[in-house]
Amino acid sequence: METTTKQSIPSYEMFTKSGDKMCHSLVVKIEKKVKGKYRVTKEEVIQMISEGMKKISEKHSEVNDTEPEYHICSRVNSACKEVGYDFDISRYDI
């Protein structure tokens, strides 16, 4: 019998777990795009983050607070560095 472990969602310092899940889904989606077959520009990554956060803010307005913005950008930057992009995204860019 195979056992599966539930992967924990990192904290984005949202008010609820569902807010953290939505932020994590956004980050995973952007990571897949960044690590994909085609290169993306800094502007495209910023646009993906902005649009995703706009959608999240419909249910979780706290996504626009300092901490969630920081965590999202930090995790996206890590994925970009891992693949070899030479830009950093700041929460002030979004």
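The legends below describe close-up views of one predicted model.

Residues are numbered from 1 along each chain as its sequence is written, and side-chain values use heavy atoms, with hydrogens and water left out. Because the model is predicted, local features need pLDDT of at least 70 and side-chain atom pairs count only at pLDDT 80 or more, whereas totals for chains, interfaces and linings use all residues.

**View 1. The largest nonpolar core and its members with the most contacts.** A nonpolar core is a set of buried Ala, Val, Leu, Ile, Met, Phe, Trp, Tyr and Cys residues joined through side-chain atoms within 4.5 Å. Buried means under 20% relative accessible area, exposed means over 50%, and partly exposed lies in between (1.4 Å probe, protein chains only). The largest such core has 21 residues, and Val45, Ile49 and Ile72 touch the most other members. At least two residues of this core come from each of α1 (17–34), α2 (42–57) and α3 (66–83). These helices are DSSP runs (H or I, at least four residues), numbered from the N terminus. Contact means heavy atoms within 4.5 Å. Not counting residues up to four places away in sequence, Ile72 touches Tyr12, Cys23, Leu26, Val27, Ile49, Met53 and Val63.

View 2. The expected span of a helix is 1.5 Å times one less than its number of residues. Buried in α1 are Gly19, Asp20, Cys23, His24, Leu26, Val27, Ile30 and Val34. Seen down the axis of α1, these buried residues fall within an arc of 160°, so they line one face of the helix. The arc is that of the directions from the helix axis to the C-beta atoms. Lys17, Lys29 and Lys32 are exposed on the other side of α1. The buried residues of α1 pack against α2 and α3.

View 3. From its first C-alpha to its last, the 16-residue helix α2 reaches 22 Å, close to the expected 22 Å. Val45, Ile46, Ile49, Gly52, Met53 and Ile56 are the buried residues of α2. They line one face of the helix, because they fall within an arc of 135° when seen down the axis of α2. An α-helix has 3.6 residues a turn, so residues three or four places apart point the same way. Glu43, Lys54 and Lys55 are exposed on the other side of α2. The cover over the buried residues of α2 includes α1 and α3.

**View 4. Ser50 on helix α2.** Ser50 lies in helix α2 and is partly exposed, with a relative accessible area of 29%. Along the chain, Ser50 and Ile94 are 44 residues apart, yet their C-alpha atoms are separated by 5.6 Å.

View 5. The 18 residues of α3 reach 26 Å from the first C-alpha to the last, close to the expected 26 Å. The buried residues of α3 include Pro68, His71, Cys73, Val76, Ala79 and Cys80, and the buried residues of this helix pack against α1 and α2. Gly84 follows α3 and has a positive phi, near 110°.

View 6. Glu69, in helix α3, counts as buried at 10% relative accessibility. Leaving aside neighbours within four places in sequence, Glu69 is in contact with Met53, Val63, Asn64, Arg91 and Ile94. Asn77 is also placed in helix α3 and counts as buried at 12% relative accessibility. Asn77 touches Phe87, Asp88 and Ile89, again not counting residues up to four places away in sequence.

**View 7. The largest pocket.** On a 1 Å grid over the protein atoms alone, a pocket is an open set of points where a 1.4 Å probe fits, with protein on both sides within 12 Å along at least five of seven lines; lining residues have an atom within 4 Å of a point. Grid points are joined across faces, edges and corners, and the volume is the space filled by probe spheres set on the points. The largest pocket holds about 280 Å³ of space. Residues of its lining include Met22, Ser25, Lys29, Glu44, Gln47, Met48 and Glu51. α1 and α2 are the elements that give two or more residues to this lining, and α2 gives the most, with 7 residues.

**View 8. Glu13 in the segment before α1.** Glu13 lies in the segment before α1 and is partly exposed, with a relative accessible area of 43%. Phi of Glu13 is near 60°, a positive value in a residue other than glycine.
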